Amino acid sequence: MKLRGMAVVAAGLLMCAPGFAASISGKVVDGSGKAMGGVTVSAFDPEREMSVSVFSQPDGSFKIDGLRDATFNVRGRLLGQLDTMKEGVKPGASGVALAMAPAT
């Protein structure tokens, strides 16, 4: 029991540590500029070969929290749509626009 509590505290300290408190946010839209909810948006850290993913909200907005100070590739993915990617995105970036297009 004691060990479990310590692990939770340790995990909390890691998430709050400097360098892991930044976020990337933006909006996912279709080709006509209409908001798209339910799109998987991932921030991939090529140096650590790890990613963090969220779903876009009904208004198309997304926010990926808890990122370290590094450069990320942000990808939008949804079945029936072509993947879209923005490379070289730094934490703290807001207004990252991902435009989806139908897969043919």
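Student: In what order do the elements of the chain run from the N terminus on?
Tutor: In this predicted model, the order is α-β-β-β-β-β-β-β-β-β. Counted up, that gives one helix and nine strands.

Student: Let's pick one residue. Where is S23 found?
Tutor: S23 belongs to strand β1, which covers residues 22–29.

Student: And why does S23 count as buried or exposed?
Tutor: Look at the relative accessibility of S23, which is 18%. Buried means under 20%, so S23 at 18% counts as buried.

Student: Which residues is S23 in contact with, leaving aside its neighbours within four places in sequence?
Tutor: S23 has contacts with K63, I64, D65, L67, P91, G92 and A93. Each of these has heavy atoms within 4.5 Å of S23, which is what makes them contacts.

Student: Which strands form the open sheet that has β1 in it?
Tutor: Three strands do, in the order β4-β1-β8, with mixed pairing.

Student: What makes a strand of this sheet an edge strand?
Tutor: An edge strand pairs on one side only, and that is the case for β4 (61–67) and β8 (96–99). Neighbouring strands here are turned by 25° against each other on average, direction ignored.

Student: How do you know that β1 and β4 pair, and in what sense do they do it?
Tutor: Two strands pair if there are at least two bridges between them. β1 and β4 have five bridges, so they pass, and the sense is antiparallel. As one example, S25 has K63 in β4 as its bridge partner.

Student: What is the order of strands in the open sheet of four?
Tutor: That sheet runs β3-β2-β5-β7, and its pairing is antiparallel.

Student: How many bridges join β2 to β5?
Tutor: Five bridges join these antiparallel strands. With at least two needed, β2 and β5 therefore count as paired. Opposite A43 you will find V74 in β5.

Student: Which residues touch the most other members of the largest nonpolar core?
Tutor: They are I24, V28, V41, F62 and V74, out of 16 residues in that core. At least two core residues come from each of β1, β2 (40–45), β4, β5 (72–77) and β8. β4 gives the most, with three residues.

Student: What is F62 in contact with, leaving aside its neighbours within four places in sequence?
Tutor: Its contacts include I24, V28, V41, V54, V74, V96 and L98. S25, G26, K27 and S56 are also among them.

Student: How much of the chain is made up of buried residues?
Tutor: Of the 104 residues, 28% are buried. The accessible surface of the chain comes to about 6700 Å², and 61% of it belongs to carbon and sulfur atoms.

How values were computed. Residues numbered from 1 in each chain as written. Predicted model: local features only at pLDDT ≥ 70, side-chain atom pairs only at ≥ 80, totals over all residues. Heavy atoms only, no water. Buried < 20%, exposed > 50% of the residue type's maximum accessible area, 1.4 Å probe, protein only. Axes fitted to C-alpha atoms, helices over the stretch in contact; angles between N-to-C directions. Core = buried A, V, L, I, M, F, W, Y, C linked by side-chain atoms within 4.5 Å. Areas by Shrake-Rupley, 256 points an atom, 1.4 Å probe, with all protein chains shown as cover.
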